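Biologist: Could you walk me through this model with me asking and you answering? Please show it first.

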Amino acid sequence: MNKKILAYVALFLVFVYAVVPMLINISGRLDFYYTLTSVALLSIASAGVWLTFYIGRINIGQGAFALAGGYVSAILISQYGFNFWVTLPIAGLFCAVLSVFIGLPILRLRGVYFAMVTLVLTEVMRLTTLALPITQGAKGITSLPLPSGLEIFGLKLIPDFSTLENPKVGFYMMAITLMIIAYAVLYRIVNSRLGHLCRSLQQNEELASSIGVNTTYLRVLTYSISSFFGGIAGASFVAITQSIYPSSFQVADSINFMLNCFLGGLGYVFGPMLGTLMLYFGWDLLFTIGKYQMLVYSSLLIILMLFLPNGVLSLFDRKEKR
Amino acid sequence: MEQIIVNGLYLGAQYALIALGLTLIFSLMNVMNFAHGQMYVMGGFITYTVVSQFNIPFFIALIISGMALAVIGALIEKFLFRPVIKKSKRDESTMLLAAGIGFFLDSVILLAFGEKQRGVPKIIDGVFNWDFRIIMPYDRIVIGCIAIAMIIAFMLLMHYSKAGRAMRALAQDKVAATLMGVNVDRYQMIGFALGAMLAGVVGGLLVTITGINLGMGGPTSTKAFIMIMIGGAGVIPGAIVGGFILGMMESVGLSVLSQYGDITYLLIFASLMIFLAIRPHGLMGKPWG
Amino acid sequence: MKPLLEVRNVTKRFGGLIAVNDVSFDVRKGEILSVIGPNGAGKSTLFKLISSFLKTSNGLVLFRGEIISNLAPHTVARRGVVRTFQETTIFKSMTVRENIIVSHHLQSKASLLGFFLGSRKARADEKRFGESADRIIGLLGLENIANELASNLPQGHLRVLGMAIGLATDPAIILLDEPFAGLNHDETMRLVTLVQRLRDEREVTVLLVEHDIPAVMKISNRIVVLNFGQKIAEGTPQEIQNNPGVIEAYLGSEDMAVGI
């Protein structure tokens with residue numbers, strides 16, 4: 001069984017690192033790099049949302065953390081001259097810490113209440129970045145440099161993106177690598193005791209506390225991991241677009257992150273990844289039909305929900321689901 | 001000061017009416033209707049179309065848009081929400097469905113009515129002016145009064161009609177209501193239709209004053225969510241209280257803090273989060289299990 | 001010998017209503033003590049006060065001489081006082097075995113990070129939990145349904161599973177909230193034997209709150225009777241049966257007709 005999983009992973013790695021770039025080169029559709037980079041980064045943020053689902057909370061606030069992470073990175077780069085690669089973990093940690101303070105009170109809420117408060121949180125973050133002087137209001141922070149190189153002990157780990165022949169490939173590699181790390185972490189969490197405890201929390205919080213689980217701690221911990229993912233995704237987006245505005249991540253994005261999870265399936269670790277891919281590509285492909293894009297897209301969503309209410313991956317559900 | 005209060009009451013009456021529909025749907029089916037704002041926008045556009053294209057009097061148009069939305073709501077409940085609720089493992093699936101329906105209605109509105117801001121002519125001209133302390137156009141007063149009258153009618157309906165009593169029983173305890181012989185499917189459909197109808201009527205009311213455009217759906221839904229969280233989700237008086245509170249806060253905020261731009265909403269949202277942290281089920285909500 | 005659990009002058013007010021009024025009693029190590037009383041006597045409230053799912057208005061609950069009242073429920077569980085639930089509260093979408101394994105949480109030596117990284121300690125923990133879960137499954141006779149999803153189980157099995165979850169935490173004292181409610185006579189008697197075996201084989205002290213008088217008479221070493229929030233009697237089943245105050249409290253109530 002373990003060997004089988006390893007084989008799948010190896011296959012996946014070869015596919016995303018070698019086959020996809022090759023296919024893109026053959027087809028000459030270099031714009032796919034950008035699309036796939038976006039999918040990879042959005043799926044990191046969605047992975048965070050999925051994790052909060054795993055403790056039984058509907059999180060429509062990931063946009064807030066993506067925005068916060070993006071601004072942290074942008075401010076550190078533009079005003080303090082930090083290297084992007086250093087700001088990336090800082091942005092994640094900032095969001096994780098922020099989410100502890102936000103999470104402590106609001107994670108006591110359940111169901112729709114939590115969902116709505118997180119929805120409002122996205123709006124609060126947007127309005128805050130509009131109001132604060134350091135974020136420069138609606139103008140945003142623009143013309144950021146491309147990520148510079150990263151050396152540790154003279155060892156060149158990452159080349160300077162501005163020297164790259166095609167930075168798009170660089171960004172693609174970066175996004176894919178981050179995504180793989182994020183999902184590896186997620187997979188480990190879900191399949192370790194931490195995940196079992198999260199599931200116990202999802203199913204019955206009172207019972208969980210009666211078997212000695214510190215539910216508050218676990219909720220806040222999970223939420224901060226989730227927000228860490230959001231911050232990383234936001235900061236990476238800033239690097240690619242070289243700019244950030246209060247409108248870079250809004251309520252619609254938060255809702256999309258949630259939809260990605262639903263679509264892929266809440267019971268499956270790789271659900272959000274598949275969901276993001278499908279939603280993003282679906283939307284892009286439908287662009288060709290012009291003004292009917294939205295109509296077809298939303299109809300598909302509704303039909304999918306009617307026939308696969310537990311996500312696309314439930315198609316592959318064997319009878320004996322854990 | 002008086003002006004701020006009157007503005008707040010006027011806004012609050014409309015808000016409360018939107019929130020009523022949302023909370024009714026939530027209390028009956030445990031569904032957060034993300035498409036509520038779109039239903040409201042749709043009501044506005046239907047009223048506009050009926051008035052301006054067919055030259056039908058505004059009040060009849062209002063009734064038509066209410067009826068149209070009721071039918072749409074009933075169909076959405078019967079053919080979309082009901083099967084999904086029955087099949088899905090988790091109740092959250094209905095959120096995706098609701099969001100999908102929201103997008104769908106948005107696109108229908110776009111195709112049918114276009115992107116332009118639309119409005120209908122004022123129903124009454126003139127401005128009420130009391131010593132320059134309260135200045136209020138007559139049409140706003142009429143619309144505010146209609147909204148309040150509808151809230152009262154809705155409350156009466158819920159308390160004294162058979163359907164109203166059945167829906168209240170259903171909201172309180174689904175199992176007990178079923179045992180008492182309440183037809184769950186039927187009243188959920190009626191409730192959804194009623195909620196959608198309210199959204200449609202408010203949309204129609206506002207089209208005479210602020211007009212209506214495609215982008216108003218999402219923000220309206222968000223505001224409606226806020227109102228029912230203030231009052232307590234699924235509690236009908238809570239929705240009314242929440243609506244008036246939000247109306248007041250906006251009215252005060254917009255007049256006191258107008259020079260700071262959107263800071264009013266930032267303050268409203270932030271204080272809502274603090275409020276919910278202290279009172280997790282709003283002013284009148286019942287705690288969950 | 002010092003009592004294991006002491007309930008001292010515990011009072012709970014809800015607004016103007018006094019649900020539990022100045023109740024005191026001890027639970028000794030290794031005994032099965034039942035709290036009974038007519039409907040609305042405050043049994044459930046008292047139960048929640050002891051397990052710290054409610055805060056007391058007055059009075060203390062001590063476990064091994066240390067105050068446990070008004071602590072967070074998980075802290076109380078950590079000390080060794082574990083409750084089961086009246087409703088069939090279990091982790092629905094886990095199998096029986098997974099339910100029991102996850103409930104070993106308190107006995108883990110490795111940190112959550114250790115589990116995440118798969119440290120040696122964590123792997124040892126997992127192995128230990130698995131073995132312990134199998135022992136509990138054997139003890140409670142759940143072998144045939146160990147890999148069933150909990151949501152598919154019938155009522156009687158759920159009650160046993162609830163107890164298994166409690167046992168997995170390796171408690172010093174287990175608090176059972178109406179364990180026999182809704183079970184038929186045979187199921188009740190099977191559960192009575194089971195609880196007694198738990199006490200004997202795992203040396204767990206048992207405190208239970210119950211409606212079913214015949215079962216209580218059969219299972220208990222001692223009984224505490226509540227009425228209108230106050231303790232009106234305490235003693236062995238025989239003493240309780242012959243206590244005129246108790247009979248009076250139950251007079252006209254249906255419980256008594258079936259019961260004593």
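This is a predicted model: local features need pLDDT of at least 70, side-chain atom pairs count only at pLDDT 80 or more; totals for chains, interfaces and linings use all residues.

Biologist: Which element of chain B has the highest mean pLDDT?

Modeller: pLDDT is the predictor's confidence in each residue, from 0 to 100. Chain B averages 86, and 97% of the residues score at least 70. Among its elements, strand β1 (residues 127-130) has the lowest mean, 78, and the highest, 92, belongs to helix α2 (residues 36-54) of chain B.

Biologist: How are α7(A) and α9(A) oriented to each other?

Modeller: Axes are lines fitted to C-alpha atoms, for helices over the stretch in contact, with angles from 0 to 180 degrees between N-to-C directions. Helix α7 (residues 193-203) and helix α9 (residues 215-241) of chain A have axes 11 Å apart and pack at about 110°. Angles under 35 degrees count as roughly parallel, over 145 as roughly antiparallel, 65 to 115 as roughly perpendicular and the rest as oblique. That makes α7(A), relative to α9(A), roughly perpendicular.

Biologist: And α2(A) with α11(A): is the crossing left-handed or right-handed?

Modeller: The axes of helix α2 (residues 31-54) and helix α11 (residues 271-285) of chain A come within 8 Å and cross at roughly 135°, so the two are oblique. A crossing is left-handed if the near helix is turned anticlockwise from the far one by less than a right angle, and right-handed if clockwise. Here α2(A) passes α11(A) in a crossing that is right-handed.

Biologist: Which element supplies the largest share of the side of chain B that touches chain A?

Modeller: Residues are in contact if their C-beta atoms, placed from the backbone, lie within 7 Å. By that rule, 41 residues of chain B are in contact with 37 residues of chain A. At least two residues each come from α3 (58-87), α4 (93-113), α9 (217-231) and α11 (263-278) of chain B. The largest share, 14 residues, comes from α4(B).

Biologist: In the hairpin of β1(B) and β2(B), which residue takes a positive phi?

Modeller: Strands (E, at least two residues) and helices (H or I, at least four) are DSSP runs, numbered from the N terminus, and two strands pair if DSSP finds at least two bridges between them. β1(B) and strand β2 (residues 134-137) of chain B are antiparallel over four bridges, with Asn129(B) opposite Ile135(B). Three residues lie between the strands, and the positive phi, near 60°, is taken by Asp131(B).

Biologist: Which strands stand at the edges of the sheet in chain C?

Modeller: Four strands form an open, antiparallel sheet in the order β2-β1-β4-β5 (chain C). Each edge strand has a single partner, so one side of each is left without a neighbour in the sheet. Those strands are β2 (17-27) and β5 (66-67) of chain C.

Biologist: What is the bridge partner of Glu6(C) in β2(C)?

Modeller: Strand β1 (residues 5-14) of chain C pairs with β2(C) in the antiparallel sense over seven bridges. In β2(C), the partner of Glu6(C) is Asp26(C).

Note on methods: Residues are numbered from 1 along each chain as its sequence is written. Chains are lettered from A and ligands numbered from 1 in the order in which they are written. Two residues are in contact if their C-beta atoms, placed from the backbone, lie within 7 Å.
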